[in-house]
Amino acid sequence: MTNYIESQKWRYAVKKYDATKKVAAQDVALLKEAVQLSTSSVGLQPYKVIIAESQEIKEQLAAGASGNNANLFRDASHIFIFAIEVNLSAENVERYLLNISGQRGVPVEAVAGFGDYIKGFLAKLTEEEKNTWAAKQAYIALASLIHAAPLLKVDATPMEGFNAEKINEILGLDEKGLSAVVIATIGYRHDEDAQQHAKKVRKPQDELFITL
Ligand SMILES: Cc1cc2nc3c(=O)[nH]c(=O)nc-3n(C[C@H](O)[C@H](O)[C@H](O)COP(=O)(O)O)c2cc1C
């Protein structure tokens with residue numbers, strides 16, 4: 001636990017990356033696994049994560065970033081784009097059931113009741129509500145990445161400052177039934193990033209917690 005708390009004290013949302021430093025493939029693989037292992041409501045994981053690592057695509061994506069985020073896109077080692085599966089349908093649930101069936105080695109009929117429960121839950125939601133629900137799950141995956149990275153001494157920046165329509169267009173996400181909801185860059189802090197010296201500001205515990 002000490003390692004975890006220490007790593008969270010070490011991390012901050014980087015505002016300037018050292019563009020000369022790249023995250024090693026084995027660390028990227030571990031971060032992908034952290035995102036993969038992320039929990040989600042009913043286990044549906046209603047999102048995909050697009051990872052931009054070529055300089056060319058990072059430069060293109062910078063056109064969809066707001067303010068300083070464009071510099072972060074260009075200088076970071078990798079950009080993780082968390083994109084929801086838009087307007088979830090019975091098909092998404094069917095794919096999930098097949099995955100459970102395959103991975104647990106149980107007949108698909110054995111999980112049909114669970115599938116009906118999820119389909120029934122989704123059927124009561126409007127498209128907007130489904131997209132909001134999917135985005136909440138994607139944010140949990142984002143948190144997994146943000147909290148795992150410092151355990152590897154990798155820096156990260158969570159980001160909402162981008163134009164989702166533009167990012168969707170650059171990555172061709174509309175055609176895939178996806179839409180970007182939140183983004184994180186990973187890489188290494190630049191020596192000149194003044195933010196690393198700023199004291200972390202959090203609510204005091206007596207304001208944050210209500211213990212009954
Ligand atoms: C969902 C989310 C969106 C954020 N969007 C941006 C962003 O667009 N650009 C940016 O520089 N920082 C962004 N941040 C970073 C926060 O400002 C930062 O995490 C917060 O001030 C807490 O500080 P710390 O993470 O450095 O400890 C975002 C953080 C979160 C969790």
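Reader: Is Glu165 buried, exposed or partly exposed?
Author: Glu165 is partly exposed, with 13 other C-beta atoms within 10 Å. A residue is buried if 20 or more other C-beta atoms lie within 10 Å of its own, exposed if 12 or fewer, and partly exposed in between, with C-beta atoms placed from the backbone.

Reader: What kind of model is this, and how are residues numbered?
Author: The model is predicted: local features need pLDDT of at least 70, side-chain atom pairs count only at pLDDT 80 or more, and totals for chains, interfaces and linings use all residues. Residues are numbered from 1 along each chain as its sequence is written.

Reader: Back to Glu165. Where is it found?
Author: Glu165 is found in helix 8. Helices here are DSSP runs of H or I with at least four residues, strands are runs of E with at least two, and both are numbered from the N terminus.

Reader: And how far is Glu165 from Gly64?
Author: Their C-alpha atoms are separated by 8.2 Å, with the two residues 101 apart along the chain.

Reader: Which residues of helix 8 are buried?
Author: In helix 8, residues 164-171, the buried ones are Ile167, Asn168 and Leu171. Seen down the helix axis, they fall within an arc of 100 degrees, so they line one face of helix 8. The arc is that of the directions from the helix axis to the C-beta atoms.

Reader: What covers them?
Author: The cover over the buried residues of helix 8 includes strand 1 (47-52), helix 3 (55-62), strand 2 (78-85) and strand 4 (178-187).

Reader: What comes just after helix 8?
Author: Gly172, which takes a positive phi of about 65 degrees.

Reader: Which residues other than glycine have a positive phi?
Author: Val42 is one of them, with phi near 50 degrees, and Lys153 is another, at about 60 degrees. Most residues other than glycine have a negative phi.

Reader: Where are those two?
Author: Val42 sits in the loop between helix 2 (25-36) and strand 1. Lys153 is in the loop between helix 7 (127-148) and strand 3.

Reader: Are they buried or exposed?
Author: Val42 counts as partly exposed because it has 15 C-beta neighbours inside 10 Å. Lys153 has 11 inside 10 Å, so Lys153 counts as exposed.

Reader: New topic. How many helices and strands are there?
Author: The protein has nine helices and four strands. From the N terminus on, the order is α-α-β-α-α-β-α-α-α-β-α-β-α.

Reader: Why is strand 4 called largely enclosed?
Author: Ten of its ten residues are buried, so strand 4 is largely enclosed by the rest of the structure.

Reader: What about Ile79?
Author: Ile79 is in strand 2. Ile79 is buried because 26 other C-beta atoms lie within 10 Å. Leaving aside neighbours within four places in sequence, Ile79 is in contact with Ala52, Lys58, Leu61, Phe73, Ile183 and Thr185. Contact means C-beta atoms, placed from the backbone, within 7 Å.

Reader: Which residues touch the most others in the largest nonpolar core?
Author: Ile81, Phe82, Leu145 and Ile183 touch the most other members of that core, which has 47 residues. A nonpolar core is a set of buried Ala, Val, Leu, Ile, Met, Phe, Trp, Tyr and Cys residues joined through C-beta atoms within 7 Å.

Reader: What is Phe82 in contact with?
Author: Leaving aside neighbours within four places in sequence, Phe82 is in contact with Tyr47, Val49, Ala138, Ala141, Leu142, Val181, Val182 and Ile183.

Reader: Last one. What surrounds the ligand?
Author: Tyr12, Ala13, Lys15, Asn69, Thr157, Pro158, Met159, Glu160, Gly161, Val182 and Lys200 surround the ligand. A residue is near a molecule if its C-beta atom, placed from the backbone, lies within 6 Å of it. Strand 3 (residues 155-159) gives the most to this shell, with three residues.

Definitions and conventions
Contact = placed C-beta atoms within 7 Å.
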